[in-house]
Amino acid sequence: MKVRSVNGINVTELGFGGASVGNLHRATGEEQSLAAIDAAWAGGIRYFDTAPHYGLGLSERRLGKGLARRPRDEYVLSTKVGRLLVPNPSPQGTDDDGFEVADDLVRQWDFSRDGVRRSIDDSLERLGLDRIDIVYVHDPDDFVDQAIAEAIPALIELRDQGVIGAVGAGMNQWEAPLRMVRETDIDVIMLAGRWTLLDRSGAPLLEAAAEKGVSIVDAAPYNSGLLSKDRPPQGALFNYAPAPPELLARANELADICAKDGVRLPDAALQFPLRSPQVKAVVCGMSSAERVNDTLARLAAPIEESTWSALDG
């Protein structure tokens, strides 16, 4: 599999997104999760992404277990800061933030310097590792100023000390990351859903990132499901909610173009971000070995330049 450089760190162009093995939306058994990680490795994937938020630490623990037998220098791992996991004073039984896990812990927003360091220490313990390659400030939508003033400088300090390899931010919007690219010495932005076959609103961020030498890691290439099937069904999700009629219609137009050329819409959706030289990897959730193999096939599917031209029209 091709690799691309993020601040001198070589990531495979397809990354394993760890939210699914953290029981996003549905419970995924330990055996199935570890089989997915094994299939990713067998398929050549060497970039694995996770976060404390994913399953209240479950994703980090499972990835740590699944990668424990692998040579540490042969893969890249990223995790995130911004949500500390602390004991839940009043558990109700199940997490209420989209993950099918017990709610014995609760997330606590913290973008302070001390919070960043504590989060990394906690992640290292859950992962069973002694270093993390890339650390993203995670979803600081309501804390952008603090992320710029405290969290990112704390990570840059750790990067400069050699504790971590690269400093990033991961968000579902492009405007705040644009500020970070312009105002900080950040290395990489994980942009979720804003540079896809359907939603290209993140173009200004990619332009600024190119000017500043900042890498982009693209996440959520299917826009929460709208581009994940050959033909978007009624009720398909966009940004985790039912797609507006105009976006559903545009997705069907894209499906028509693909079908005319014998291309599957999900194949084009997965490959689209990588057509930009600024995008170093596309990260997808893969909850089973079957899903991993399907995703690898999508990445390898041939698509002619004439099809891309029609899709860009």
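Which helix supplies the largest share of the lining of the largest pocket? Helix 9 does, with four residues.

## Basis of the model

This is a predicted model, in which local features need pLDDT of at least 70 and side-chain atom pairs count only at pLDDT 80 or more, while totals for chains, interfaces and linings use all residues. Residues are numbered from 1 along each chain as its sequence is written, and side-chain values use heavy atoms, with hydrogens and water left out.

## Pockets and cavity

The largest pocket has a volume of about 1400 Å³. Of its 44 lining residues, Ser 20, Leu 24, Ser 224, Tyr 240 and Gly 285 are the closest to the centre. At least two lining residues come from each of strand 9 (164-171), strand 10, strand 14 and helix 9 (289-300). Helices (H or I, at least four residues) and strands (E, at least two) are DSSP runs, numbered from the N terminus. By class, this lining has 16 nonpolar, 18 polar and ten charged residues. Here Ala, Val, Leu, Ile, Met, Phe, Trp, Tyr, Cys and Pro count as nonpolar, Asp, Glu, Lys and Arg as charged, and the others, Gly among them, as polar.

The second largest pocket, with a volume of about 210 Å³, is lined by residues including Lys 2, Arg 4, Glu 13 and Trp 308. The structure also holds one cavity of 30 Å³ or more, and among the residues that line the largest cavity are His 53, Lys 80, Arg 83 and His 138. On a 1 Å grid over the protein atoms alone, a cavity is a set of points where a 1.4 Å probe fits but cannot get out; a pocket is an open set with protein on both sides within 12 Å along at least five of seven lines; lining residues have an atom within 4 Å of a point. Grid points are joined across faces, edges and corners, and a volume is the space filled by probe spheres set on the points.

## Helix 6

In helix 6 (residues 203-212), the buried residues are Leu 205, Leu 206, Ala 208 and Ala 209. They lie on the same side of the helix, because they cover an arc of only 165° around the axis, taken from the directions from the helix axis to the C-beta atoms. Glu 207 and Glu 211 are exposed, on the face turned away from the buried side. Buried means under 20% relative accessible area, exposed over 50%, partly exposed in between (1.4 Å probe, protein chains only).

The cover over the buried residues includes helix 5 (175-183), strand 10 (188-192), strand 11 (215-219) and strand 14 (279-285). Leu 206 has a relative accessible area of 8%. Beyond its neighbours within four places in sequence, Leu 206 is in contact (heavy atoms within 4.5 Å) with residues including Leu 191, Trp 195 and Ile 216. After the helix comes Gly 213, with a positive phi near 75°.

A nonpolar core is a set of buried Ala, Val, Leu, Ile, Met, Phe, Trp, Tyr and Cys residues joined through side-chain atoms within 4.5 Å. The largest has 83 residues, and Phe 16, Phe 48 and Leu 155 have the most contacts inside it. Helix 4 (residues 144-160) gives the most to this core, nine residues. Another core, of 15 residues, lies apart from it and includes Val 76, Tyr 136, Ala 192 and Val 217.

Val 283, in strand 14, counts as buried because its relative accessibility is 6%. Val 283 and Ala 219 are 64 residues apart along the chain, with 4.8 Å between their C-alpha atoms.
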